[in-house]
Every structure is written in C-alpha cells, then in structure tokens.
Amino acid sequence: MDFTNKNILLIMHQASLGGAERQGLSLGKIFTEKYGCKVYLLLTFSEKTSAEFDDYASKCHIKETFFFGEPYIVLKREWSYKNLKRLVWSIKYLLRLRNGLKSYKIDLIFPYLNFPSKIAFYLYKLLPTAKFAFWHQLGLDTFKDDIFENYSAKNVPCIIANAPTGVDLFQKAHPKSKRPLYVLPQFLAIDYVIKPKAELSNAYGIPPDRVVIGMVAHYRLDKLHGLLLNVFGELLKENNAIQLVLLGNKRTNKVTEMKFQQLKDTISAKNINEHVCLLSEKPVEDVLNIIDIGVLVSEIEGTPNAVMEYMAYGLPVVATNHPGCKLLLQDSNFLIENQEEDLAEVLKMLIKSSELRKSEGEKNKELIKKRNPEAYLNQLSSIIDEFYE
C-alpha cells in the first residue's frame with residue numbers, strides 16, 4: 001500500500017487524550033510527515049476538546065477537525081413509530097456526514113473504538129472516493145447490537161484488534177460476522193522526554209528518598225486503582241520510604257469524576273495523603289520521569305499504551321496477565337493475577353532491590369523497540385492491500 005499523498009480521515013468518539021486517541025493522532029503525524037498526506041479528524045460525540053488534546057492534535061498536523069452535530073445511528077429490531085423515527089434520524093445524520101466530507105475526497109478511513117467503527121463503515125459506503133475502512137476493536141468497549149451495528153459488523157472489509165482479547169470480544173458480540181480478523185498491536189506513540197527527576201519530585205511534594213510506584217490509567221471502573229491502593233496501604237505499614245502516584249483524567253465523564261472522588265476519600269480515610277499523589281490532567285511525561293515502578297492492574301486490556309510507555313522509559317512493569325500485556329512483556333515474572341497477595345509480593349521484590357528494578361527496566365526498554373511505527377505500518381499496509389479497491 002502506497003500511502004503517499006492520501007487524504008485520510010481519523011474518526012474518534014471524543015477529544016480526550018486517552019490511549020486510542022493518542023495512537024490515532026500519532027499515526028496522523030506519521031502519515032503527514034513521512035507520506036505527505038492530508039489528515040482530517042471527525043469527532044462523533046462532542047465538539048468539545050481539551051487543551052491537552054488540541055495541543056497534541058496540532059503537533060500531529062491534523063488539518064481540520066469536524067463535528068456534524070449530535071450523533072444518531074440506531075435502528076432496533078421492532079415495528080414501531082419510534083423505530084421509524086430512529087431510521088429517519090439516522091439517515092439524516094449519515095447524510096450530514098456525507099455532505100460535509102464529500103468534498104475532501106477521503107481515501108482511507110481509520111476509526112478508533114466501536115461507535116467510530118460503525119460510522120467508518122457507512123462513510124466507506126457513502127463517500128465515493130473512500131477505498132478502505134475497517135472495524136477497530138481496542139480493549140473494553142460498548143456494543144449496541146442494533147441493526148446498523150450488526151450490518152456493518154457483517155460487511156466491513158475486515159476487523160483489526162490490537163490484542164487477542166479484542167478478537168474474543170468482537171466474536172462474542174457478533175458471532176455471525178465472517179469478516180477477516182487480524183491482531184495488530186499498536187506502536188509506541190509517546191516521545192521519550194527526559195525531565196529532571198529531583199525537580200519534578202519536589203514540585204509534586206515527593207521526598208527524594210522514596211521508591212515511587214506509579215499507575216497511569218484513566219479513572220474508569222475497569223482500571224483497578226483500588227486494588228493497588230489497598231496493597232500500597234499495607235506495604236506502607238512495613239516500609240515508610242515508598243510513594244504512590246496515580247494519574248488519569250477525572251473529567252472524561254461522570255463515572256471518572258465519581259471514581260476520582262472515591263479514591264480521594266479512601267486515601268484520606270487511610271490517612272496516607274502524604275504518601276499518595278492523586279493526579280488528573282498532568283503531563284504523563286512528568287509521572288514517567290518520577291516513578292521507579294510502573295503498574296497497570298485492570299479487568300481487561302488491549303495492548304495498553306501505559307505499559308508501552310513504562311517500557312520506553314526503562315521502568316520495571318507490574319501488570320495484570322492479559323494477552324496484550326503478554327505480547328509486550330513476554331515471559332516477565334511480573335505479570336500477575338488481580339490478587340492483593342500477588343501484587344504485594346512482586347512490589348516488595350522491586351521495592352527492595354534497585355538492581356532488579358534496573359535490570360527489568362533495561363530488558364523492557366529493549367523489548368519495546370519492536371513496537372515501532374515502521375513495523376506497525378508494514379503490517380497495516382499488508383492488511384489494506386488485501387481489500388483496497
């Protein structure tokens with residue numbers, strides 16, 4: 001597949017800079033700088049963007065961002081007047097998209113998450129210049145099981161998941177789909193930025209003699225911040241020279257705001273405020289330069305950006321034993337089940353030994369070199385070649 005001078009549309013549900021969004025914008029940067037492409041962005045949920053997102057999108061050379069009003073594409077399996085209205089609303093929404101995008105002569109469509117994937121299929125059919133789109137299954141997401149979704153799942157050129165977990169999720173939701181499925185782990189999408197650790201630690205109120213454990217993850221329910229916080233509280237009883245840093249975005253939705261407040265309340269109830277930094281909307285590079293051990297415990301993952309970022313910064317990684325984490329960390333002894341005993345055991349080992357932290361970090365830094373944009377694009381190009389019209 002020759003990407004040179006193509007017009008590319010990225011589709012994202014909302015403009016918060018999570019792992020999927022960072023991955024998409026970074027791909028746009030590569031397409032622009034290396035192949036001279038024009039890269040556009042369609043937001044399907046809201047035109048509201050964060051300053052962090054806008055800054056990153058600008059650095060990634062997004063030519064224009066579109067939002068065509070409140071999204072609506074739903075049709076249920078029922079005979080009712082309301083369902084007829086749903087059909088009319090859905091058609092009107094799709095026509096707004098078609099009319100708004102037709103003049104940009106889009107060649108390739110890259111969605112991120114499930115609702116954008118549904119939109120991508122219909123734009124692939126409606127835009128006369130579009131030659132390829134796919135269903136992009138990334139970690140935990142929501143399926144609607146309506147007629148529009150089922151039709152797109154059965155007829156989209158292919159499904160690309162970033163980990164075996166994604167394939168399982170898609171097949172469970174759409175067992176009748178016979179479209180080709182591929183596993184394509186994403187690439188490392190963050191630049192390695194060195195910042196002075198001592199200055200950062202001081203700015204965040206962390207004493208210099210503490211071993212710092214960190215978890216970078218949105219405050220969603222599937223991320224097990226509470227598990228880590230409980231274990232840390234117990235470890236603190238034995239060792240006062242440790243610190244915990246949690247970073248996510250509490251403003252993503254009401255659920256994340258609620259969870260952030262619950263964590264804040266728990267930290268206060270445990271009386272460990274001086275040993276825990278609960279952060280939101282802070283630069284991830286700050287945290288990656290501060291912490292000595294990277295943790296990601298969760299109920300489900302694709303190929304997690306957080307783990308890749310820990311690895312890029314030469315950190316030892318403790319992660320739940322998900323298939324996507326295995327792809328990255330391979331035979332690591334620090335892949336665990338979501339049990340407090342397991343997490344406590346491996347954290348004690350790493351806290352105790354700076355040499356172990358260093359050796360694990362160096363091994364991870366070598367492993368992550370395989371997850372580069374060139375390797376990703378080579379595999380993606382081979383997939384597209386099978387379907388490009």
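Mentor: Among contacts in the chain between residues at least 6 apart in sequence, 72% join residues at least 24 apart; contact means heavy atoms within 4.5 Å. The model is predicted, with local features requiring pLDDT of at least 70, side-chain atom pairs counting only at pLDDT 80 or more, and totals for chains, interfaces and linings using all residues. Residues are numbered from 1 along each chain as its sequence is written, and side-chain values use heavy atoms, with hydrogens and water left out.

Trainee: How does the radius of gyration of the chain compare with that of a compact globule?

Mentor: A compact globule of 389 residues would have a radius of gyration near 21 Å, and the chain has 22 Å, so the two agree. The radius is taken over C-alpha atoms, and the globule rule is 2.2 Å times the number of residues to the power 0.38. Along its principal axes, the C-alpha trace spans about 65 × 45 × 35 Å. The chain holds 15 helices and 13 strands, these being DSSP runs (H or I, at least four residues, for helices; E, at least two, for strands) numbered from the N terminus.

Trainee: What makes strand β1 largely enclosed by the rest of the structure?

Mentor: Six of the six residues of β1 (residues 7-12) are buried, so the strand is largely enclosed.

Trainee: With which strand does β1 pair over six bridges?

Mentor: Two strands pair if DSSP finds at least two bridges between them. β1 meets that rule with β2 (residues 38-43), in the parallel sense over six bridges, and Leu10 has Leu41 in β2 as its bridge partner. The chain passes from β1 through helix α1 (residues 19-35) to β2 in a right-handed β-α-β crossover: with the strands pointing away from the viewer, the path from the first strand over the helix to the second runs clockwise. β1 also pairs in the parallel sense with β4 (residues 108-112), over five bridges, where Met12 stands opposite Tyr112.

Trainee: Which residues of β10 cover its two faces?

Mentor: Val276, Leu278 and Ser280 lie on one side and Cys277 and Leu279 on the other, and all are buried. β10 (residues 276-280) pairs in the parallel sense with β9 (residues 242-248) over five bridges. Leu247 stands opposite Leu279. Here the chain crosses from β9 through helix α9 (residues 254-270) to β10, again as a right-handed β-α-β crossover.

Trainee: How many aromatic pairs does the ring rule give?

Mentor: The count comes to 21 aromatic pairs. Rings of Phe, Tyr and Trp (its six-membered ring) pair if their centres lie within 6.5 Å; planes under 30 degrees apart count as stacked, over 60 as edge-to-face and the rest as tilted. Phe3 and Phe31 are 4.9 Å apart centre to centre with 55 degrees between the planes, and the pair is therefore tilted. Phe3 lies in the segment before β1 and Phe31 in helix α1, 28 residues apart. Both Phe3 and Phe31 are buried.

Trainee: What type of pair do Tyr40 and Tyr104 form?

Mentor: Their centres are 5.0 Å apart and their planes 65 degrees apart, so the pair is edge-to-face. Tyr40 lies in strand β2 and Tyr104 in the loop between α3 (81-101) and β4, so the pair ties together parts that are 64 residues apart in sequence.

Trainee: How do you know that a charge sits over the ring of Tyr56?

Mentor: The rule asks for NZ of Lys or CZ of Arg within 6 Å of the ring centre and within 35 degrees of the ring normal. The charged end of Arg22 sits over the ring, 5.0 Å from its centre.

Definitions and conventions. Buried means under 20% relative accessible area, exposed over 50%, partly exposed in between (1.4 Å probe, protein chains only).
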